[in-house]
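Please keep the sequence and the model in view while reading.

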Amino acid sequence: MIPSLTLNTGASMPALGLGLFKITDQAAMDRTISDALSIGYRLFDTASVYKNEAELGNALMRCHVPREELFITTKVWNTAQRIGNIEDALERSLERLRLDYVDLYLIQWPVPGCYLDTWLKMEKLFRKGRARAIGVSNFSAREINDLLLHSDVVPAVNQIEYHPLYNQEETRAFCAKNGITVQAAAPLARGTYLGMSNMTRLAEKYHRSEAQIGLRWIIQKGVGAIPKTVRTDRLLENTQIFDFELTPDEMMVLDSLNENYRTSGIPEDLAPFLT
Ligand SMILES: NC(=O)c1ccc[n+]([C@@H]2O[C@H](COP(=O)([O-])OP(=O)(O)OC[C@H]3O[C@@H](n4cnc5c(N)ncnc54)[C@H](OP(=O)(O)O)[C@@H]3O)[C@@H](O)[C@H]2O)c1
């Protein structure tokens with residue numbers, strides 16, 4: 001059973017979900033979603049830029065899980081923010097997903113000069129019920145503060161790259177203080193920390209994999225995680241993190257691994273503006 005985190009809307013969000021970046025083939029999507037649902041996953045994370053919302057919608061339709069059991073996240077891309085028709089962007093995502101609403105709609109990147117306007121438009125979609133919660137992704141404390149100064153709706157979630165090699169502690173602490181749930185994108189750093197000696201030592205101690213140690217550290221930080229895999233064995237492995245606990249000293253050892261190592265690059269159209 002995957003536990004839940006409570007969002008500032010009062011809604012529950014599974015603490016662990018499945019990231020779908022790069023799964024674009026329909027057969028792979030069907031198999032992955034079907035396996036994931038059997039294992040107990042209910043949160044699926046996509047984005048319009050992943051070009052797989054339609055494939056996810058098709059796969060979910062075939063699986064017949066009641067809509068209210070699912071937690072579906074999608075995101076508005078930078079181009080749509082610049083065009084400015086956020087309602088249209090969400091409607092097109094919903095159509096591809098074959099859904100009446102998403103559980104969480106995120107601004108994928110803080111496009112300078114656009115993100116505040118995008119947020120104010122997303123508030124309307126939230127009030128209309130087309131998005132049960134709205135949030136942000138890749139936002140710093142400063143950018144979130146900008147939203148808080150100009151808007152009545154506090155983001156429910158900030159999805160950021162988060163793992164032992166890049167712990168963004170300042171952003172995590174700011175979000176915790178303001179009731180914003182942090183969700184870890186790229187929680188396995190795409191495999192980069194697997195095999196590092198501190199991870200291996202803990203994996204041996206707990207008879208777990210290094211991936212499970214990294215995911216467990218994230219969960220104990222109060223952060224959600226959305227590791228991506230298409231492999232059935234890894235789908236199961238990544239959920240088996242709720243029946244052991246790292247000690248405070250072990251948490252501190254993993255805290256100390258931070259080296260601001262980013263796996264997912266800043267999109268080309270934003271690189272000149274963000275660091
Ligand atoms: N908001 C954003 O801008 C943003 C940015 C990046 C990511 N994300 C979200 O976060 C999700 C996860 O990030 P990610 O896909 O970039 O990276 P990730 O989850 O850190 O790593 C995925 C990689 O690790 C492998 N893997 C999965 N489980 C494993 C295990 N137990 N042991 C060893 N290897 C394992 C996968 O390979 P196999 O598939 O072959 O198992 C895949 O190559 C994305 O899918 C996306 O939904 C969002």
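Eight strands make up an open sheet with parallel pairing, in the order 3-4-5-6-7-8-9-10, where two strands pair if DSSP finds at least two bridges between them. The model is a predicted one, in which local features need pLDDT of at least 70 and side-chain atom pairs count only at pLDDT 80 or more, while totals for chains, interfaces and linings use all residues. Residues are numbered from 1 along each chain as its sequence is written.

**Sheet**
- At the edges of the sheet lie strand 3 (18-19) and strand 10 (224-225), each of which pairs on one side only.
- Strand 8 (residues 157-161) and strand 9 (residues 181-185) run parallel and are joined by five bridges, and Gln159 stands opposite Gln183 in strand 9.

**Overall make-up**
- The protein chain contains 11 helices and 10 strands, these being DSSP runs numbered from the N terminus (helices are H or I with at least four residues, strands are E with at least two).
- The radius of gyration of the protein chain, taken over C-alpha atoms, is 18 Å, close to the 19 Å that the globule rule (2.2 Å times the number of residues to the power 0.38) gives for 275 residues, so the chain is as compact as a globular protein of that length.
- The C-alpha trace of the protein chain spans about 50 × 40 × 35 Å along its principal axes.

**Helix 5 with helix 6**
- The axes of helix 5 (residues 115-128) and helix 6 (residues 141-150) come within 10 Å and cross at roughly 50°, axes being lines fitted to C-alpha atoms, for helices over the stretch in contact, with angles from 0 to 180 degrees between N-to-C directions.
- Helix 5 and helix 6 are therefore oblique to each other (under 35 degrees counts as roughly parallel, over 145 as roughly antiparallel, 65 to 115 as roughly perpendicular and the rest as oblique).
- Tyr115, Leu116 and Trp119 of helix 5 make the contact with Glu143, Asp146, Leu147 and His150 of helix 6, contact meaning that C-beta atoms, placed from the backbone, lie within 7 Å.
- By class, this contact has four nonpolar, one polar and two charged residues (Ala, Val, Leu, Ile, Met, Phe, Trp, Tyr, Cys and Pro count as nonpolar, Asp, Glu, Lys and Arg as charged, and the others, Gly among them, as polar).

**Helix 2 with helix 4**
- The axes of helix 2 (residues 53-63) and helix 4 (residues 86-97) come within 7 Å and cross at roughly 40°, which makes helix 2 oblique to helix 4.
- Glu53, Ala54, Leu56 and Gly57 of helix 2 make the contact with Ser93, Arg96 and Leu97 of helix 4.

**Helix 8 with helix 9**
- The axes of helix 8 (residues 197-206) and helix 9 (residues 210-220) come within 8 Å and cross at roughly 95°, which makes helix 8 roughly perpendicular to helix 9.

Notes: Two residues are in contact if their C-beta atoms, placed from the backbone, lie within 7 Å.
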